[in-house]
Amino acid sequence: MPEGILCNKTPINTDEQLKLTLSDKGGKQYYEEMNHLEVDSDKLWGAIQKTMKSRTKTWLEICAHCGLCAESCFLYQVNGRVPEQVPSYKIQSTLGVIVKKKGKVDNAFMQMCMETAWSKCTCCNRCGMYCPHGIDMGVMFGYLRGLLYSQGFVPWELKIGSGMHRVYRAQMDVTTEDWVDTCEWMAEETEEEWPGLEIPIDKEDADIMYTCNAREPKHYPEDVAEAAILFHVAGENWTVPSEGWEQTSLSMFAGDWECCKDNVQNVYDAIERLRPKRAIGTECGHAHRATVIEGPYWTGRPDGQPPVPYIHYVEWLAEALRTGKLKIDPTKRIKEPVTLQDSCNYVRNQGLKDVTREILSYIVEPGYFVEMAPAKEHNYCCGGGGGFNGIGIYRPQRNMALRKKMEQIIDTGCKLVIAPCHNCWDAIRDLEEEYEIGIRWSFLKPLVIKMLDVPEHLLPKDE
Amino acid sequence: MYDFLTGPMLWVTFLVSFGGLLVRAVMYVRGLHWQLDRVAYRPNMKYGMRGGLRSILAFIIPFKARLWRVRPGFTIIFFAFHIGLLVTPIFLEAHNVMLSKAFGFSLPTLPTMVADVLAWTCLVGGLFMVLRRIAFPEVRIITTFYDYLLIVITVMPFITGLIARYEMGDYNFWLMAHIISGEIWLLCLPFTKLSHAVLFFMSRMQLGMDYGIKRGGMKGSDMAW
Ligand code: SF4
Ligand code: SF4
Ligand code: SF4
């Protein structure tokens, strides 16, 4: 059997196929079919010849096999420093071999590559900082994932994830109606406490167009409400688009580049339709990376920039605090040791290390902020990046990966961790569930709301 | 034989070696692809250059990048090896005598003592590189026969050169061996991993441009390499 019903080389494009794949609990049939999936070597080699440019070629060729990247990888560190976790080894033994063999590899080999690409690398790009040659395994694993995806060798959850994006243009089955309903519902609920609060949908020419992560309307609608409260208090002229509001990209983790492009284009279309002065994304790292850092390239924007300035939530929040649009009541600042998770996807990948700390300078009583070691662009992945968090068959490996963050947090002595990234937030929650080290974790929005010094006229009138 | 090796053969070697490296550098740049690499090189050239230079400097200055600081032992050996490798042949007195005979100009030369020390450093450094490949599992697993071969090719001119210099055995034989091994090394430069002599700069530059343009540089946030 060259291709299965669930496990095949065709992306999920229809609702039926999506439901069918979803109903295969844990991907039992899917992985069974994968054992019989044929590798299309010609297509594989063809893709490599077309897309492997000098950067990747050179990286594969000049790697000095010096092993300096080993220690840089947190997965190497937490897995007993086994040599199989050396970044250079991981990529040479997978992508390196596929290239050497000109795509003539078999099913078992591809399955090994799949396991390596999704359970031994979170594409955190840390090793690239420590390789003297500037070889970035995170980038190369992203590339390898694309090749594997096109051949059908992708974990069940990510096949579904990118299918969700293809069918619903959201990482979960949130339709346009669901989203609009959620916004209206949240506006109504919140209005009681915040008179005059609105969640304006599809308002043209606003100052800000806000986009988010589908998990918010689906599982944490209060996050949407919190964003609304902060924009409301800050007096922003803002809007959300009814279409093109979802900025995450499981397709990026899956290596489904066609789908990545389609999703980002959808967001950019909303920008072009509503003409906001700028766009602001929620507290999510990979969503930011997908729409702002990589997205412009997927959609072919030669300047590498989104259609309007598009910033991460931490940038907006820092600005609002700096300019006094939001004021913090100093008596309500955090007065306990608190640490910060630097998300790879906007700190290492977009340098937003200082703005994040600027926010802390407003909301944490001086002396209580404790840096992780190492921090900023040298910080380690939370342990669940690159899709790792969501892949069932790699759960044991993921739990192992969480240990690095656990050690780092324990070393700070803090019980509170600020994680302005959905995925990091999830990983830290799971880490507490798994290891019970007694910590709490939070996004910035709820923390800031609790500390706001709200102007009189925005408060509800007491009868 | 000597005349041939230091005459036409040397010319051919230089031509192939330096010409080849140049070709590789040019091909590297031509093979970049802004969309597939996801770096808008051209429109943001200024940011890119800045990031690229920072990235190169961080890694050619000892102890500048964090990598060099967290592994001081390796760093010392690594730099000693590379400095010996580059400086010795260029500024060696004997080489410059040849240079002035052939082209009528020469470079400043190193005192014999310094040249000796550099050459020995290089050998010892090479030895350490081999030993750590054997000793550390994380390096052993990625080491291949090819890696050893390249080290041998690289240190051969130094071994033969030192033997000739101390006039152990047949001087003429070792001199010949020295010249041949040196030419082999030069000829290997563009065709093997030794091409990192220039490709290091290209790759470092590229990643630096990436960081300088989209991964923080344009946000005014420099990468602390
Ligand atoms: S540090 Fe770089 S050159 Fe050294 S083994 Fe790792 S990837 Fe290769
Ligand atoms: S990108 Fe991160 S997880 Fe992947 S090999 Fe490099 S350091 Fe390890
Ligand atoms: S989940 Fe967070 S820490 Fe982990 S790779 Fe993604 S951004 Fe980085």
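This is a predicted model: local features need pLDDT of at least 70, side-chain atom pairs count only at pLDDT 80 or more; totals for chains, interfaces and linings use all residues.

**Stop 1: chain B as a whole**

Select chain B and switch to a cartoon view. Chain B has 225 residues, and 46% of them are buried. Now think about contacts with a separation of 6 or more in chain B: 65% of those join residues 24 or more positions apart.

**Stop 2: a glutamate in chain B**

Next, pick E138(B), which belongs to helix α9 (residues 137-140) of chain B. Is E138(B) buried or exposed? Its relative accessible area is 13%, so E138(B) is buried. Show what surrounds it: setting aside residues up to four places away in sequence, E138(B) touches G67(A), A70(A), Y76(A), P83(A) and V86(A) from chain A, plus R71(B). For a sense of distance, draw a line from the C-alpha of E138(B) to that of D116(B): the two are 22 residues apart in sequence and 33 Å apart in space.

**Stop 3: two histidines in chain A**

Hop over to H133(A), in the loop between α7 (107-119) and α8 (137-150) of chain A. Its relative accessibility is 7%, so it counts as buried. Which residues does H133(A) touch, not counting those up to four places away in sequence? They are W59(A), I62(A) and A64(A) in chain A, and H196(B), F200(B), S203(B) and R204(B) in chain B.

Then select H65(A), in the loop between α4 (54-62) and α5 (74-78) of chain A. Its phi is near 50°, a positive value in a residue other than glycine. H65(A) is buried too, at 9% relative accessibility.

**Stop 4**

R169(A) sits in the loop between α9 (156-168) and α10 (176-191) of chain A. R169(A) also has a positive phi, near 55°. With a relative accessibility of 32%, it counts as partly exposed.

Now find P374(A), in the loop between α17 (353-363) and α18 (395-412) of chain A. Look at the peptide bond leading from A373(A) into P374(A): it is cis, with omega near -10°.

**Stop 5: ligand 2**

Select ligand 2 and show the residues around it: C73(A), F74(A), P87(A), C121(A), T122(A), C123(A), C124(A), N125(A), C127(A) and G138(A). Colour that shell by class and you get 7 nonpolar, 3 polar and no charged residues.

**Stop 6: ligand 3**

Where does ligand 3 sit? You will find it in the largest cavity. Around ligand 3 are Q341(A), S343(A), C344(A), N345(A), C381(A), C382(A), G385(A), C421(A), N423(A) and C424(A). Here the classes come to 5 nonpolar, 5 polar and no charged residues.

**Stop 7: the nonpolar cores**

For the last stop, bring up W316(A), L326(A) and I363(A), the residues with the most contacts inside the largest nonpolar core, which has 174 residues. Apart from that core lies another, of 14 residues, including Y297(A), A25(B), Y41(B) and M202(B). Finish by zooming in on L326(A): leaving aside its neighbours within four places in sequence, it is in contact with L230(A), V233(A), A234(A), W316(A), L317(A), A320(A), L321(A) and L452(A).

Technical notes:
Residues are numbered from 1 along each chain as its sequence is written. Chains are lettered from A and ligands numbered from 1 in the order in which they are written. Side-chain values use heavy atoms; hydrogens and water are left out. A residue is near a molecule or strand if one of its heavy atoms lies within 4 Å of it. On a 1 Å grid over the protein atoms alone, a cavity is a set of points where a 1.4 Å probe fits but cannot get out, and a pocket is an open set with protein on both sides within 12 Å along at least five of seven lines; lining residues have an atom within 4 Å of a point. A molecule sits in a cavity or pocket if more than half of its atoms lie within 2 Å of its grid points. Ala, Val, Leu, Ile, Met, Phe, Trp, Tyr, Cys and Pro count as nonpolar, Asp, Glu, Lys and Arg as charged, and the others, Gly among them, as polar. A nonpolar core is a set of buried Ala, Val, Leu, Ile, Met, Phe, Trp, Tyr and Cys residues joined through side-chain atoms within 4.5 Å. Buried means under 20% relative accessible area, exposed over 50%, partly exposed in between (1.4 Å probe, protein chains only). Contact means heavy atoms within 4.5 Å. Helices (H or I, at least four residues) and strands (E, at least two) are DSSP runs, numbered from the N terminus.
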